[in-house]
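The following paragraphs lead the reader through selected features of one structure. Please keep the sequence and the three-dimensional view at hand while reading.

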Amino acid sequence: MVRTVPGRTDRVVVVGAGLAGLATALRLRGAGREVTVVERAGGPGGRAGRIERDGYALDTGPSVFTAPEVVAETLAAVGERLEDRLELRRLETGYRAQFADGTHLDVHADPEAFAAEVAALCGPGEAEALRRYLADLADLYRLQLTTFIDRNLDSPLDLLGPELMTLARRGGFGRLSTHVGRYFADDRLRRLFSFQALYAGVSPFRAIAAYAVIAQLDIGAGVWHPVGGIGAVPRALAAAAADAGVTFRYGTAVDELELRGDRVSGVVLDGDERLPADAVVVTTDAPHALVPGLRGPRRPVYSPSCVALHLGVRAELPDQAHHTISFGHSWRQVFDELTRDGRPMSDPSLLISMPSRSDRSLAPDSADGKHCQVLSVVAPTPNLDRRSGGNPDLDWATLGPRYREELLAVLETRGLTGVSGAIEVEHMDTPATWAAQGMAAGTPFALAHTFGQTGPFRPATLPRRGPENVVLAGSSVQPGVGVPMVLISGRLAAERITGPVAR
């Protein structure tokens with residue numbers, strides 16, 4: 001039996017208008033609750049930030065969008081249809097994998113077209129292995145979704161059942177790198193299907209094989225682009241919530257939660273205004289800093305951080321894909337650098353996104369009629385927590401400008417010729433700026449998905465310590481990191497208040 005908030009829950013205050021907070025608000029409003037969302041920024045989005053300048057629209061948060069069905073289900077909670085709020089375009093090429101030997105592989109949405117690419121590059125045997133692996137990923141995802149991801153877990157005992165035995169029998173608790181290696185002999189394919197472990201904050205050589213399912217979301221099921229950029233997603237959710245009767249208080253910080261006995265009775269805002277509350281949902285990265293009596297994780301392990309460089313460039317940069325995974329020569333070594341040695345990658349693998357290839361609303365045209373481009377480059381770096389293999393001694397105020405120059409030089413050598421001299425707009429985030437935004441250990445990827453911070457071992461949406469009517473949502477709680485996961489966390493948080501809702 002899943003625990004829920006006892007007593008009256010008619011009036012709910014949600015702290016934070018990021019994706020988790022918006023998903024929670026929509027679910028609660030759909031269940032008839034009176035909902036107020038308090039957000040310190042001037043608009044919705046949270047980590048899904050946005051900068052608009054000189055005709056360029058830069059998304060400064062997530063750059064890869066998958067699992068649109070989760071957004072559709074969230075909007076459906078208030079009777080809305082996704083297609084009425086958001087225009088999505090499926091990318092025919094979800095990724096271009098660019099390898100250090102000069103070869104590349106386009107990951108097509110059509111599995112047979114993808115297999116043909118693999119056959120041409122790696123041989124027919126690897127193409128057959130790909131077909132088997134994609135089928136295995138789909139089965140693994142179906143197995144894990146309802147049992148391990150899309151449900152509230154209060155105890156490891158909640159997992160006992162035939163699904164757990166099936167996952168164990170299929171090697172789900174072995175190492176991801178070993179699991180992928182059983183299918184593919186070509187090192188390029190091994191990298192392509194294991195780099196996603198970094199999304200979970202763990203090296204592929206340490207991640208459990210169950211996290212192979214991340215590749216199902218972006219390779220197996222495909223990648224989409226929201227017209228207007230990723231920032232269009234929180235804007236659509238917030239608009240639907242407002243139309244359904246959710247109240248938003250933007251530009252307002254929460255000073256404290258007012259405690260009466262075992263319950264929070266109100267939320268005190270800056271300026272000493274008080275909002276009465278029967279329940280509160282907190283979506284901040286370190287909720288224990290706000291919630292009285294709540295303890296943070298005892299021995300937290302945080303994900304690596306990143307440097308994210310966002311550019312508006314006066315250049316067409318032809319022959320580029322919407323998303324490119326640019327692999328360096330090194331592989332195991334760079335994960336040791338990130339998670340053990342506390343230093344930036346010496347031979348970086350990068351996620352390069354150019355959404356203006358698919359959406360011309362994001363960048364202007366130059367005076368001579370050429371298409372300018374929006375470009376985001378994400379380079380994993382150590383976080384600021386020494387216990388997590390990070391390095392708090394890195395002086396990003398000094399290192400940041402040098403690292404920017406190094407990244408631009410790498411881009412030039414990897415095919416983005418001329419980008420350095422064409423920059424018109426730019427924004428860069430480092431572990432220091434993430435920390436200044438309140439993100440623990442200076443990482444936007446929250447707690448790593450180590451075995452001890454996965455499933456029932458990850459902080460629950462309804463803590464056992466602290467006020468009985470405070471619920472948590474977001475990246476640092478179940479089910480975890482990533483756009484689909486934080487939207488699901490909103491559903492799980494809402495169900496702690498309303499009780500389980502039919503799926």
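A salt bridge joins Asp186 to Arg188, with 2.8 Å between the closest N and O atoms. The model in which this pair is found is a predicted one. Asp186 has a relative accessible area of 14% and is therefore buried, since the cut-off for that class is under 20%. Arg188, at 17%, is buried as well. The structure holds 35 salt bridges.

Another of these contacts is formed by Asp154 and Arg496, whose closest N and O atoms lie 2.8 Å apart. This pair links distant parts of the chain: Asp154 belongs to the loop between helix H5 (124-149) and helix H6 (162-169), whereas Arg496 is in helix H14 (residues 483-498), 342 residues apart. Both Asp154 and Arg496 are buried. The salt bridge between Glu52 and Arg50 also has its closest N and O atoms 2.8 Å apart. Here Glu52 is exposed, with a relative accessible area of 61%, and Arg50 is partly exposed at 26%.

Attention now turns to the strands. Strand S6 (residues 93-98) has 6 of its 6 residues buried, so this strand is largely enclosed by the rest of the structure. S6 pairs with strand S7 (residues 104-108) in the antiparallel sense over 5 bridges, and Gln98 stands opposite His104 in S7. The two strands form a hairpin with 5 residues between them, and Gly102 in the turn has a positive phi of about 95°. S6 is also joined by 3 bridges to strand S15 (residues 323-326), and these strands run parallel. Within S15, Ser326 is the bridge partner of Gln98.

Phe173, Phe451 and Phe457 make a nonpolar patch of about 300 Å². Phe451 is found in the loop between helix H13 (431-436) and strand S19 (470-472), and Phe457 is found in the loop between H13 and S19. Phe451 counts as partly exposed at 48% relative accessibility, and Phe457 is partly exposed at 39%. The C-alpha atom of Phe457 is separated by 7.3 Å from that of Pro156, a residue 301 positions away along the chain.

The other patch carries negative charge and gathers Asp255, Glu256, Asp270 and Asp272. Of these, Glu256 is placed in strand S10 (residues 254-260) and is partly exposed, with a relative accessible area of 44%.

Definitions and conventions: Residues are numbered from 1 along each chain as its sequence is written. This is a predicted model: local features need pLDDT of at least 70, side-chain atom pairs count only at pLDDT 80 or more; totals for chains, interfaces and linings use all residues. Side-chain values use heavy atoms; hydrogens and water are left out. Patches are made of residues with over 30% relative accessible area and no salt bridge: like charges are joined within 9 Å, nonpolar side chains (Val, Leu, Ile, Met, Phe, Trp, Tyr) within 5 Å. Accessible areas come from the Shrake-Rupley method with a 1.4 Å probe; for residues, only the protein chains shown count as cover. A salt bridge is a side-chain nitrogen of Lys or Arg within 4 Å of a carboxyl oxygen of Asp or Glu. Lys and Arg count as positive and Asp and Glu as negative; His and the chain ends are not counted. The place of a charge is taken as NZ of Lys, CZ of Arg, CG of Asp or CD of Glu. Helices (H or I, at least four residues) and strands (E, at least two) are DSSP runs, numbered from the N terminus. Buried means under 20% relative accessible area, exposed over 50%, partly exposed in between (1.4 Å probe, protein chains only). Two strands pair if DSSP finds at least two bridges between them.
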